[in-house]
Structures are given as C-alpha cells and as structure tokens.
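Me: I would like to learn how to read a model like this one. Can we go through it feature by feature?

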Amino acid sequence: MNARPNRSEYFRNYRKRKIRERREYQHEYRKRNKQRLNEYTKAWQKRNPEKHKVHYMRTTQTLKRKIFDAYGNKCACCGENTYEFLAVDHIHGGGNQHRKKITGRGGGGGAFYRWLRNNGFPKDDFRLLCHNCNLARAFYGKCPHENV
Ligand SMILES: [Zn+2]
Ligand SMILES: [Zn+2]
C-alpha cells in the first residue's frame, strides 16, 4: 500500500532530474551547434524578411548616421551632402578584401560599420564619397572632379 507515495516521490525526482538534464543539455547543445543555430536564425530571418529587415535597417541606419557624422557628412571629393548618396570609401582601395578580413565575410555593411566605430573611425584609411565619385573612381581610376 505504501508503494504509491514512494512512486510519486520517485517520479517527482525523476522529473526534476530530467528538467535539470535537459537544461544542461540545451546549454551544451547551443555551444556545440552554434553554427546550426546561426543558420536557424538566418532561416527565421528568411521566413520573416519584413521583420528582420525593419530591425536590421533600424540598427544599421543609426550606426551609419553616427559614422557619417564622424566623417563629416559629405563627399570628400565633391562635397555632396545628401545622406542617401554617401558611402564609406576605402582610400587606398581593396575595400572588399579589407572588409572580408575585418568582418569575416564580404560586403556586410553592418559588420563593417561596427568595425569602424570600434576602431575610432580611422580617417587615414577611410572617407565618405558620394556614389558618383565612388563609381567614377572604380570605373576610370579617378573622379572627373579631379580634372576641374
Ligand atoms: Zn562626390
Ligand atoms: Zn568627385
């Protein structure tokens, strides 16, 4: 007859142990599957592109404004100061390779902006250029403004 309480006691402990084990397991699991979980996050972002976009845009835009402020908010070549036309330029070229080196991947505006902020907005290597001046340099080696 007294088997019953023992049994429920046993099950209670069993459940407690299972919960603890699961927690430890999840912790380990997260550590071991960082890559997979990152992919999962990416998959979520893919399934919820609008939500992700809004969040990503908001944080990146705030950071971008901070960086543009630090670099004078205008094109170093022609003085264009329309926010939408401006981008950070790697003065000595090789921008993509450098970005890859510092961010671990290509492009990735957000990671690059964070790197700039964390490194105190280095001005010897970076400046703001408008897209016109930027593309002219990329296509022709120099901007037509330099001939004026
Ligand atoms: Zn310009
Ligand atoms: Zn120019």
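What follows is a short walk through the chain, from confidence to single residues.

Me: What is the mean pLDDT of the chain?

Reply: This is a predicted model, so start with confidence. Where pLDDT is low, the predicted coordinates should not be read in detail. Here the chain has a mean pLDDT of 88. In total, 92% of its residues reach 70 or more.

Me: Where in the chain is confidence lowest, and where is it highest?

Reply: The lowest confidence is in helix H4, residues 95–103, with a mean of 72. The highest is in strand E2, residues 126–130, at 96.

Me: How many helices and strands are there in the chain?

Reply: The chain has 6 helices and 2 strands. Then take their order. Along the sequence the pattern reads α-α-α-β-α-α-β-α.

Me: What radius of gyration does the chain have, against that of a compact globule?

Reply: The chain has 26 Å. A compact globule of 148 residues would be near 15 Å. The box tells you about proportions. Along the principal axes, the C-alpha atoms fill roughly 100 × 30 × 25 Å. Check burial next. Buried residues are 11% of the 148 in the chain.

Me: What share of the contacts join residues at least 24 apart?

Reply: Count contacts between residues at least 6 apart in sequence. Of these, 67% join residues at least 24 apart.

Me: What does helix H3 reach from its first C-alpha to its last?

Reply: H3 covers residues 49–70, 22 residues in all. Its C-alpha span is 31 Å, close to the 32 Å expected at 1.5 Å a residue. After H3 comes Gly 72, with a positive phi near 90°.

Me: Which residues touch the most other members of the largest nonpolar core?

Reply: They are Cys 75, Leu 116, Leu 129 and Cys 133, in a core of 14 residues. Now ask which elements supply the core. Strand E1 (86–90), helix H5 (109–118) and E2 each give two or more residues. E2 gives the largest share, 4 residues.

Me: Which residues does Cys 133 touch, not counting those up to four places away in sequence?

Reply: Cys 133 touches Cys 75, Cys 77, Cys 78, Cys 143 and His 145. That list leaves out residues up to four places away in sequence.

Me: And Leu 86: is it buried or exposed?

Reply: Count C-beta atoms within 10 Å; 20 or more others make a residue buried. Leu 86 has 24, so it is buried. Leu 86 sits in strand E1. Beyond its neighbours within four places in sequence, Leu 86 contacts Phe 68, Cys 75, Glu 80, Leu 128 and Cys 130.

Me: Which residues of H5 are buried, and why are they on the same side?

Reply: An α-helix has 3.6 residues a turn, so residues three or four places apart point the same way. In H5, the buried residues are Phe 112, Tyr 113 and Leu 116. They are on the same side of H5 because they cover an arc of only 100° around the axis.

Me: Which residue other than glycine has a phi near 60°?

Reply: Most residues other than glycine have a negative phi. Asn 73 has a positive value, near 60°. Asn 73 is in the loop between H3 and E1. With 14 other C-beta atoms within 10 Å, Asn 73 is partly exposed.

Me: What is phi of Phe 121?

Reply: Phi of Phe 121 is positive too, near 50°. Phe 121 lies in the loop between H5 and E2. Phe 121 counts as partly exposed, with 14 C-beta neighbours inside 10 Å. Just after H5, Gly 120 also takes a positive phi, about 70°.

Me: Is Ile 19 buried or exposed?

Reply: Ile 19 is exposed, with 10 other C-beta atoms within 10 Å. Ile 19 lies in helix H1, residues 3–32. The C-alpha atoms of Ile 19 and Ser 8 are 16 Å apart, at 11 residues along the chain.

Me: Where is Asn 132 placed?

Reply: Asn 132 is in helix H6, residues 131–140. Asn 132 counts as partly exposed, with 16 C-beta neighbours inside 10 Å.

Conventions:
Residues are numbered from 1 along each chain as its sequence is written. Chains are lettered from A and ligands numbered from 1 in the order in which they are written. This is a predicted model: local features need pLDDT of at least 70, side-chain atom pairs count only at pLDDT 80 or more; totals for chains, interfaces and linings use all residues. The expected span of a helix is 1.5 Å times one less than its number of residues. pLDDT is the predictor's confidence in each residue, from 0 to 100. A nonpolar core is a set of buried Ala, Val, Leu, Ile, Met, Phe, Trp, Tyr and Cys residues joined through C-beta atoms within 7 Å. A residue is buried if 20 or more other C-beta atoms lie within 10 Å of its own, exposed if 12 or fewer, and partly exposed in between; C-beta atoms are placed from the backbone. Two residues are in contact if their C-beta atoms, placed from the backbone, lie within 7 Å. The radius of gyration is taken over C-alpha atoms; the globule rule is 2.2 Å times the number of residues to the power 0.38. The arc is that of the directions from the helix axis to the C-beta atoms.
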